[in-house]
Amino acid sequence: MEVKNFIEKAKEDIANAVGRDQLLIKTVHSVNEVRKAANRLSMNLKERLGLYMPASVRDGDLVKLALKPKKEEMGMEMSKSDLESIKKLAKILESVLKLEEEQLEYLSLLMVEVAPKVEKVAGAFVGAQLMDLAGGLKSLAEMPSSRIQVLGAEKALFRHLTTDAKPPKFGVIFAHESISKAENKGKASRQLAAKISIAARVDYFSPLEKL
Amino acid sequence: MKRIKVLGEGKKKKILVRNSTPGKTFFSETERDGWRILSPYNSKFGAAIMKGLSENVIQEGDKVLYLGASHGYTVSFVSDIVGDKGLIYAVEFAPEVAKELVFLSEQRKNIAPILVDANQPKNYPEIGKVDVIYQDLAQKNQAEILIKNLKFLKEDGIVLFAAKARSIDVTMQPSKVFKGLETILKDSFSGLKVLILDPYEKDHAFYMGKSKHLK
């Protein structure tokens, strides 16, 4: 076989190797980035607008406040252009928040398409994060549930393996409400991980089966 | 015509490789007068040369089976060293990084990219025998994979093996992991040389040896 043929074959293999789950993983990254940006912007806006209206920013809707600012007690003097600049920032924050919502919605749709059973059991966002940490649906389906249970808690897990620290009880699946609300979190997390691993296997190995 | 040279001593040591596509670089590496500088921090091959590996282990015209080609940074330099008469079978399993490798292969005439799991040599296309096997994989069974691939090596061929202690066992001391690897490799190789790649690569060792060819 000539080099030319190797290159052609490799191109074909690469195109076939990338499945929809890879798109899903990249989308999770986007959602995480947008979330981070929204958090930072809103913290920043809170500080800046807090100079002018210290009382309302404590628990009000920042974007609304910034668009209709009103000087409050303990607030400093601000000119029109000062407030105009803050308004611009608030508008960006508004659109970032909207973007986050839209991306999350799209992520749920992708999740239903790629791994409907995992989506049902773990929820769209937790399921998608697990897929990201595992590296794809195939790897998630091949993982033992004990591993799925601690995905996202690698730091604690390796601390446990190298020192005599206790093992972590949960990783990203903690965000699932059945765990964060449970009384016995370790038990709940173990059980949820077991169900997720079954769901992932059904999704990967027999996608048409009813769960 | 020399294709690789090492200049300077100690901290000023530099590895230069003649660029077969002068004026064109692929990984934002520095190029001077048609020679590219091989960074020991980006390439375990480079790090091994800094730590005492002879720069002439891979020679012009060699056929190389390169396991774990990744983006192709080291591959691009090996490609310059073996020249047009040589050939590199660059094995990489991860499609994401293999894309870069394919773009590189299109610029060179002597890189054959193969998207296959190095753990399953039976899935390789027909490649024949090679002069050098170079392996740089972050797998738990690195040594086993290397031994599986030995059937592609010519009788007097050499093996270059960059081992990552952290992927074999994170909880074990790297020096112990390297000792263990050495005992495994001694059975299959003669004249085994070991280089510790610190400070260029943390917890990595580089093994060089000749295949014993038991069969």
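Tutor: Two strands pair if DSSP finds at least two bridges between them. The model is a predicted one. In chain B, an open sheet of seven strands has the order E7-E6-E5-E8-E9-E11-E10, with mixed pairing.

Student: Why are strand E7 and strand E10 of chain B said to stand at the edges?

Tutor: Strand E7 (111–114) and strand E10 (189–196) of chain B each have a single partner strand, so one side of each is left without a neighbour in the sheet. Neighbouring strands of this sheet are turned by 15 degrees against each other on average, direction ignored.

Student: What makes strand E5 and strand E6 of chain B a pair?

Tutor: The criterion is at least two bridges. Strand E5 (residues 63–67) and strand E6 (residues 87–91) of chain B have five bridges, in the parallel sense. By that criterion they therefore pair. One of the bridge partners in E6(B) is B:Ile88, which faces B:Val64 in this pairing.

Student: What is the phi of B:Ser28, and what is that of B:Asp203?

Tutor: Phi is near 50 degrees for B:Ser28, a positive value in a residue other than glycine. For B:Asp203, also not a glycine, phi is positive at about 55 degrees.

Note on methods:
Residues numbered from 1 in each chain as written. Chains lettered and ligands numbered in written order. Predicted model: local features only at pLDDT ≥ 70, side-chain atom pairs only at ≥ 80, totals over all residues. Helix = DSSP H or I, 4+ residues; strand = E, 2+ residues; numbered from the N terminus. Axes fitted to C-alpha atoms, helices over the stretch in contact; angles between N-to-C directions.
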